[in-house]
Amino acid sequence: MSDAAQPTAAEVRAAAEAVKTALDRHLAAVERRSGEDDPAVYEAFNQLAAAAETYDELLYDRYDEVTPFEIPGAEDTPPYTGPEEPAALSVLIRRDYAVVEPQRLRAHAQRIEAADDETSEASGTVHGALGLLFGEFEPDEIASRHKEFGLEEGDSTLWVTASDDPAEPGEWLEAPFEQVDPQQVVCRFDVSAVFDDEDLDDEEDLEDELDPSLDEDGDLDPLDADR
């Protein structure tokens, strides 16, 4: 980049102040969170991510320096080409679970049958019990009580897509997830254990960097007697 195109020191400072402001707003939104999928927290997250990305770019252009900020999934998400002022939106959610305690799951399903005075005996099988469970409880409630139902959380993702016009009733019911355009995704939020593993690896690398005096066996190097 030429000197003429470089951002000024004042622009870098302003970007840093924007990150501080966005950080305060994000913390305030988290403190006032009304539920697991609070849209105010998502909006504050996006504002913080955008401010951090801008600061990172200006800092590098001006001083050839980088930050530790990383925006999850930013490199894998294609650029947004949807409407600037969308008239409609779709929220696509996928949550994976493992059935780790089928007996607990069936026991809950049996209680649902008993409360409804049903005799279908669907609770006798895992797939039947799952049908009863998701027919009785909202997905968000199952997400918050999954351990109680004998389930274990896996990966999850939430996509918000924009469009110019609302869909007609019944238009996409036969194939609800086949016509998703990645370039109309306004925002996306992923949760996965793989992110925890990456954080753990980073922490271990940092510990190695901070403790150069430890050898492979964890012993301290002997002091230099000439010091």
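**Pocket lining and helix pairs**

Trainee: Which element gives the largest share of the lining of the second largest pocket?
Mentor: That is β1, with 6 residues. Strands here are DSSP runs of E, at least two residues, and helices are runs of H or I, at least four, numbered from the N terminus. The model is predicted, so local features need pLDDT of at least 70 and side-chain atom pairs 80 or more, while totals for chains, interfaces and linings use all residues. Numbering starts from 1 along each chain, and side-chain values use heavy atoms, without hydrogens or water.

Trainee: What volume does that pocket have?
Mentor: The second largest pocket has about 610 Å³. A pocket is an open set of points on a 1 Å grid where a 1.4 Å probe fits, with protein on both sides within 12 Å along at least five of seven lines; lining residues have an atom within 4 Å of a point.

Trainee: Which residues are closest to its centre?
Mentor: Of the 23 lining residues, these are S90, T161, W172, P176 and Q179. The elements that give two or more residues to the lining are β1 (88-99) and β2 (151-163).

Trainee: How do the lining residues divide by class?
Mentor: They are 13 nonpolar, 5 polar and 5 charged. Charged is Asp, Glu, Lys and Arg; nonpolar is Ala, Val, Leu, Ile, Met, Phe, Trp, Tyr, Cys and Pro; the others are polar.

Trainee: On to helices. At what angle do α1 and α2 cross?
Mentor: The axes of α1 (residues 9-31) and α2 (residues 39-63) cross at roughly 160 degrees and come within 8 Å. The two helices are therefore roughly antiparallel (over 145 degrees). Their contact has 21 nonpolar, 2 polar and 3 charged residues.

Trainee: And α3 with α4, what angle there?
Mentor: Roughly 55 degrees, with the axes of α3 (residues 102-116) and α4 (residues 126-136) coming within 9 Å. That pair is therefore oblique.

Trainee: Which residues meet?
Mentor: From α3, P102, L105, R106, A109, I112, E113 and D116 meet V126, A129, L130, L132, L133 and E136 of α4. By class, that contact has 9 nonpolar, no polar and 4 charged residues.

Notes. Points joined across faces, edges and corners; volume = space filled by probe spheres on them. Axes fitted to C-alpha atoms, helices over the stretch in contact; angles between N-to-C directions. Parallel < 35°, antiparallel > 145°, perpendicular 65-115°, else oblique. Contact = heavy atoms within 4.5 Å.
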